[in-house]
Amino acid sequence: MSKCFGCGITLQNIDKEELGYTKSLDNKYCERCFRTIHYNEEKKVNVMNNDKIIKKINKLKIYTIFVTDLLSLNSKLINYFKSITNDKILVINKCDIIPDNLKLEHLEENIKNSFDLDCLPCFISAKKDMYFDKLIKLIEKNEKVLFCGETGSGKSTLINKLFDTNLTTSKYQNTTLDFIKIKKDNYYIYDSPGLFINDNKLNDLEKIKVITKKLSEEFTLSIGNVKLKGNGNITCFLNNLESVTSKKEDKSLDEEICCENNDIELDNGFIFVKNKSIVKSNIKLNKRKTIISK
Ligand SMILES: Nc1nc2c(ncn2[C@@H]2O[C@H](COP(=O)(O)OP(=O)(O)OP(=O)(O)O)[C@@H](O)[C@H]2O)c(=O)[nH]1
Ligand SMILES: [Mg+2]
């Protein structure tokens, strides 16, 4: 049975409504990939469960490149990274979106400390071909390399750039549907379906939006589905598409955390709180040691 070159799904020419459909089994791509590539269409599908993906990655015992971006990096994702038992590296893609005043070498060190990693992460930009050297050196040491990480982190884009392949990429979630094994020169490269972390993921990243706000008890600050009150100044690092509004409201918020030199993790970014402050919210939020300041 042949598989789609774009997303890895098994090709079939029987059921138009089912995944893998193509008119002719001689085609290299399924209809879903064809429509994504040529018409930028989204077709939502049921995805492979995260635990199943991690189990398969660990079973393959291959050097693993775990891809994320700065706004998606959070404790939930890092727990998946840590559950990979293969030799591995954390690659932070889309570094073209990071504001120039944030120095990558500081971020690398701070991320290692904040998430208690064994080694420094590696910043790259697949889209802009930036900082591939270190990654290429790591790849060259291994005959087989597997790319994994959250959906939309840019795994397939990165493989296309590094190995001149034609995997399907898109701004939508769950583009790659199954593991894909590609032989290229002396290497075996594996792409994998993306891990699904949250419904609110925004993949279309331009420059990170940096917004400074003062929290208060009278005004509710809304960032996506998160509402905030409290005291002190905060700096928000957000996706360019994320909306931020402020509204006078008497209603109190139930959750509360005390922050000092912490980041509060959001679905598409984070909030840096430098000075000691109380942050109240409508949903339970997670704080970490900041990745911003030294
Ligand atoms: N700004 C920016 N966008 C990128 C970069 N790399 C990839 N992207 C974009 O991220 C989106 C997702 O890319 P994909 O390569 O399809 O992501 P994936 O990790 O393979 O996603 P799944 O197959 O769903 O797991 C696309 O819109 C890419 O253009 C990058 O370095 N910078
Ligand atoms: Mg992909």
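How many residues of domain 1 are in contact with how many residues of domain 2? I counted 15 residues of domain 1 in contact with 15 residues of domain 2, contact being heavy atoms within 4.5 Å.

**Basis.** I worked on a predicted model, where local features need pLDDT of at least 70, side-chain atom pairs count only at pLDDT 80 or more, and totals for chains, interfaces and linings use all residues. Residues are numbered from 1 along each chain as its sequence is written, chains are lettered from A and ligands numbered from 1 in the order in which they are written, and side-chain values use heavy atoms, with hydrogens and water left out.

**Domains.** I took the bounds from an automatic or database domain assignment: domain 1 (1-43), domain 2 (47-191) and domain 3 (209-289). The C-alpha centres of domain 1 and domain 2 are 25 Å apart.

**Interface of domains 1 and 2.** I looked up the buried area, the accessible area (1.4 Å probe) that two parts lose on being put together, summed over both. For domain 1 and domain 2 this is about 1100 Å², with 53% of it on carbon and sulfur atoms. I then searched this interface for salt bridges (a side-chain nitrogen of Lys or Arg within 4 Å of a carboxyl oxygen of Asp or Glu) and found 0. Polar contacts are pairs of N or O atoms within 3.5 Å; within protein, one must be able to donate a hydrogen and the other to accept it, and residues adjacent in sequence count only if both atoms are side-chain atoms. I got 7 residue pairs in polar contact between domain 1 and domain 2, both residues at pLDDT 80 or more.

**Salt bridges.** The rule gives 6 salt bridges. Among them, I noted glutamate 41 with arginine 35 at 2.9 Å, N to O. I class residues as buried under 20% relative accessible area, exposed over 50% and partly exposed in between (1.4 Å probe, protein chains only). Glutamate 41 is partly exposed at 35%, and arginine 35 is partly exposed at 33%.

Arginine 288 and glutamate 265 meet at 3.3 Å, N to O. Arginine 288 is in strand E16 (residues 286-289) and glutamate 265 in strand E13 (residues 262-266), so the pair ties together parts 23 residues apart in sequence. I use DSSP runs, numbered from the N terminus, for helices (H or I, at least four residues) and strands (E, at least two). Both arginine 288 and glutamate 265 are buried. I also found Asp263, Glu265 and Arg288 linked in a network of salt bridges.
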